[in-house]
Amino acid sequence: LKVPGALVLVVGGLLASVLFDFDEHGVALVGDVPRGFVAPTLPSPSFVVDNFATIGPAAIGLLLIGFSQTAGDARAFAARHGYRIDIDQESVAQGMANIGSGVLQGIPVSTSLSASSLNDESGAKTQLASLTTGALIVLTLLVLAPVFSELPNAVLAALIIDAVVFGMMDVAEMRRLRRVARTDFWIALAAIAGVLTAGVLAGVLIGVALSLVWLVYINATPAVPVLGRRPGTETFRSIDECPDCEILGGLLVVRFDAGLFFASADALEDRLRKLAQDSEGDLDSVVVSFEGVDFIDSQGSEKVAKIHQLARTYDIELHLARVKPAVLDLLERDGVTELLGDDHIHGSVFEAASDHIPNAP
């Protein structure tokens, strides 16, 4: 039988407070806990309008904190116990809870890292735990509030520290991040430092901002490896991975490993321009494999057209290979496929490079 340590600590703290008269000895207690319910009410529209400059940013901050904490908590416990969650449903539930709390003049509602961890450590498995907690809260508001006024603050602090340190601090995960993804590790560390020094909202904003910066950087500097043909086969591999792969005379084959959109389009042109310059004028054909391109926008399509025009200036033919249907559809709508010509869009790199391969079918 599992002993409910938190409950034992609370009851023990209450008994010790009463028996040893902690209040008279200077031990900080919870103090007066108000009882009863308030009548449902709505804020005055004029009050909201007059104070919108304060209410608006505060509401956005609370939304960011509440959603990120709720989603993070839910995913953490779902991963720990192997079940699936629906973030949309979690958001609806949180929104309804906040509406109820607002009407009843309560505080903003979201999950609590310490409370959730404490529940989990106590063995809670189903919604019955939440229903029990809700019933006890109602009972406290009606009857038990004076009892908890004698509870030492140190007991509450001990419960929270135990729940967070032993229930939510995932040191093993931080070690894994440091081992396999140093960038993720430093972003997580910066977010933790933000929480500890400037508050939860600052930590969330730091984590989100750094993640977005990293995402932009990754997309702005995609991999564009040069491909070579494995001798005697129709396979083309990166020459960095396959040193034995052959580079065919007069032909440059590259693979673009990212979505082709406003943040990454210039990288393709810059890479092709540099490779063309390094070839010292020996190129007559360039094949770009789009097998890694699963998304393209208008600027990406425009960039393909510009590269085609640039290639023609140097009397070089541009070929595309392994273009996904969604990408090809946008290129067709933008007139790029007509500009290139159907005979310059191929189903495989081997097909696109066949003119440079001796005895190719």
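Analyst: Gly 207 counts as buried, at 13% relative accessibility; buried means under 20% relative accessible area, exposed over 50%, and partly exposed in between (1.4 Å probe, protein chains only). The model is predicted, so local features need pLDDT of at least 70 and side-chain atom pairs count only at pLDDT 80 or more, while totals for chains, interfaces and linings use all residues. Residues are numbered from 1 along each chain as its sequence is written, and side-chain values use heavy atoms, with hydrogens and water left out.

User: In which helix is Gly 207 found, and with which residues is Gly 207 in contact?

Analyst: Helices (H or I, at least four residues) and strands (E, at least two) are DSSP runs, numbered from the N terminus. Gly 207 lies in helix H10, residues 200-220. Leaving aside neighbours within four places in sequence, Gly 207 is in contact (heavy atoms within 4.5 Å) with Ile 187 and Ala 191.

User: Which way do the residues of strand S3 point?

Analyst: In a regular strand the side chains alternate between the two faces of the sheet. From S3, Leu 251, Val 253 and Arg 255 point one way and Leu 252 and Val 254 the other, and all are buried.

User: How many bridges join S3 to strand S4?

Analyst: Two strands pair if DSSP finds at least two bridges between them. Five bridges join S3 to S4 (residues 285-289), and the two run parallel. Val 254 stands opposite Val 288 in S4.

User: Which cysteines form a disulfide?

Analyst: A disulfide is a pair of cysteine sulfur atoms within 2.5 Å. Cys 242 and Cys 245 form one, with sulfur atoms 2.2 Å apart. The torsion about their S-S bond is about 90 degrees, so the disulfide is right-handed.
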